[in-house]
Amino acid sequence: MTALLSIRDLTVIYRRDGSEVAALKDISLDIAVGERLAVIGESGSGKSTLALAIARLLPASARIDGSIDWFLRPPPTLGAKAPPSVLPDISPSRGEIALSSPPSPISKVAGEDPTAKLPISLLEGEMSGRTEGGLMERKAQKSTAKPDHTPLGGRDIGFVFQDPSASLDPVMTVGKQIAEVAHTHLGLNWPQAYAKAKTLIERVRLPDPDAALRAFPHQLSGGQKQRVAIAAAIAAGPKLLIADEATSALDTIVQAEIVALIRQLVAEDGMTLLFISHDIALAAALAERIAVFRHGGLVEIGAARQIVSAPRHAYTRSLLDAHLGLDAEPLSRQAGPSA
Amino acid sequence: MSPLRRFLRMPEALAGTAILAVLFAMALAAPLIFPGDPQAIAGPALLPPFQDWSLPLGTDRLGRDVLAELFHGARTSLAVGLAAAAAALAVGAIVGTLAGFAGGLVDDVLMRITDAFQTVPSFLLALAFVSAVGPSLGVVVVAIALGAWTGPARVARAEVLSIRERDFVAGARVIGMHPLEIAFREILPNALPPVLALSSVIVAAAILTEAALSFLGLGDPNRVTWGGMIAEGRAVLRTAPFLSIIPGVALVLTVLGVYLAGEGVIETTAVRRSLS
Amino acid sequence: MSSPLLSVSGLTKRYRRGGKTIAAVDNVSFHIEPGETLALAGPSGSGKSTIARLVLRLVQPDAGDIQFKGEDFLALGGATLRARRARLQMVFQDPLAAFNPRATVARVLDDPLRIHGIASRSERPRRIAALLERVGLSPDLAPRAIHEISGGQRQRVAIARAIATKPSLIVLDEAVSALDVSVRGQILRLLLDLQREERIAYLFISHDLGVVRAIAHRLVILDAGTIAESGDARTVIDAPQSAIGKALVVAAPKLDRTGP
């Protein structure tokens, strides 16, 4: 298997009011090109921090140790707007990831960082990305330049958040939000970008694509909004699609539809999928491999089939036992209705 | 980092606090340092400052000690400013909470009353009120509060409208809590932070309004006020400008101090809120 | 058989949105017996949460009738309604949103005891400690702020508050949906224990049929504000008849633990 990215000894520490909390502790794992990897865990397990660290969306106050190495072929020639391709700010030789500033260009194209102020033009983000890139390039001459290039959020990484209402711009049409990604990262002109947005809306199977292009997020249902977020996330043809609890806020039926959609899109585009979830059954149904996280540590990782049928770790077994399927025995039958 | 330490790291907040601390010290110490009547004659008339060290800031047209007047004036300015602002905030918060929580007719009536007060310039309102009722400290406080409560009321109402829809309010109804208790114990404390954010502006405005009323001779005649001192000095502005300048500077510093300290408090609490 | 604990008939609630009138709940009828768990399941927008709020008199229905303990619940108002609320309690989905952000555990549990005159001021701390122990929490938690304790602890406090007034019926609106799976099992077992010991009935609202099957006696499946089907919970889930019932069963994540 060819690795798409390789995480070594990754530790993330959040600082809050003087105290430090380790959200991830010494995580090492590889993600292979084209695989579907699920990361499962309960609240506080660090699973979302892992997703944010890979997408370089962690807040600037977080302290990051360890390395995330990408093995990306140089990207196909893009429009003039593409930032410099050699940006080894994730440099294993330095043993740390320089997260110099809140990564504005990434957060914007990856479907908006929910904490960020929303309506900032993508063009601005792109420009700040370039200055940042230039800075990195100068730094790079000192450290060893690696052949792999640093991924750019939106172009190489698509990110789907849990709450589509927070990740979509409420005052911008759905079509424009998707087209902007294509315009920015694929160098398409606006008519081309809108045409691309329309095909994407058709691909995520929104009813009436023409009307959907002109709709604002509040006019769509939760499931439809999540489809739009997915369309924006895959608009630039990313190598890696990260879905962070992307179906948790949806009801069971819509959740199943969105999972099926993600599975299909990932297969069609040959994307690698990182599926973050608290639901082990959902993860097992979608992913080939499952990594189980707890309290910021990696409990075990293995083939989905093996994790589910023959877990090595007691914690994984307890998660499996806690699952309430449609075949599970009722918890108690003693308390019957009055007869 | 504790909120206090964060507050102390802001130079402007520190400066504001220092100014206020000096003013409060002046106000508190006035009867101790200048136990006599500040309006009594203390020396020759129109003595310039820094001439006689028993009267360091000189005397006014009637030979009254300017420094003593300044100290006693600080008492009036701070007392009236704080009391008027507190009254305005309290009335505004209560009216806004009732309007937002009750909705319907109560909301309509209360907000139309608020509109009525807001359409009349607040200074004219204060002027008319004091002219009609007669100048005294309490009347001046009420007069200033009359024009200042509408802003807090609107902010409180807007906040209450959004808090009203939250689950914990439904939860309070489910356990059978009385509507008034829900409004004032559950909702109001959570609606207060943005209302209190207005307090520095309102205190500053109240101090200025008090000074303006005193300047026009509508202050309490039995008390020294900075506005009254400026008015007093106006007659001899060409020959003894210090009589207007000294209380004027005191006024500017007070408003600045209130504003800077208030901004510091808001900034500190805002950071704490965004962290949690 | 005596009359049911709660009997709802012809319940209807319409909302106006952009000139159109949408029936969030349309002519819904069901009943709950003492000590029974009735589940309401359905996709989002099916009207389950609106029904919860109607039953609790948090919103007024446009039509229909609610009988609670043989009394016309919709005819009550003011102080009488507030007093009756002691018998009909609710647990919300998000325990953090369900409490005043400034509250402490003790205050949250003190309110119902005070409002309904269940215990005198001096007696209340002891009652609060007993309630905390009843839901498996340490009485030491009482002085803590609600936002300081964990999500599972918060939901236990929410249950303690709901049982403080010895209710006959508790509406559980997605009460375990936001919890971690390990905590979810504990909370469900706690609910079952309370039901067995105090004969509390539950109106259990959930979109998760696995949880419904584990805890409910009967099930009503809703679709677009109307009842699609109802019956014994296991029977309905094992062989759904309605289209929406089938869709819910198909969509539920399934875990096949047999080896390769």
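**Chatting through a sheet, a chain and a contact**

User: How do β10 and β11 of chain A pair?

Analyst: In this predicted model, strand β10 (residues 289-294) of chain A runs antiparallel to β11(A), with six bridges between them. Strands here are DSSP runs of E, at least two residues, numbered from the N terminus, and two strands pair if DSSP finds at least two bridges between them. Residues are numbered from 1 along each chain as its sequence is written, chains are lettered from A in the order in which they are written, and local features need pLDDT of at least 70, side-chain atom pairs 80 or more, while totals for chains, interfaces and linings use all residues.

User: Nice! Which residue stands opposite A:Phe293?

Analyst: That is A:Leu298, in β11(A).

User: And what is the strand order of the sheet?

Analyst: The order is β7-β8-β9-β3-β10-β11 in chain A, an open sheet of six strands with mixed pairing. At the edges sit β7 (157-160) and β11 (297-303) of chain A, each pairing on one side only.

User: Switching topic: how many helices and strands does chain C have?

Analyst: Chain C has nine helices and 10 strands; helices are DSSP runs of H or I, at least four residues.

User: What does the C-alpha trace of chain C span?

Analyst: About 60 × 55 × 45 Å along its principal axes.

User: Last one: how many residues do chains B and C put into their contact?

Analyst: Chain B gives 14 residues and chain C gives 21 residues, where contact puts C-beta atoms, placed from the backbone, within 7 Å. On the chain B side, α8(B) makes the largest share, six residues.

Definitions and conventions: Contact = placed C-beta atoms within 7 Å.
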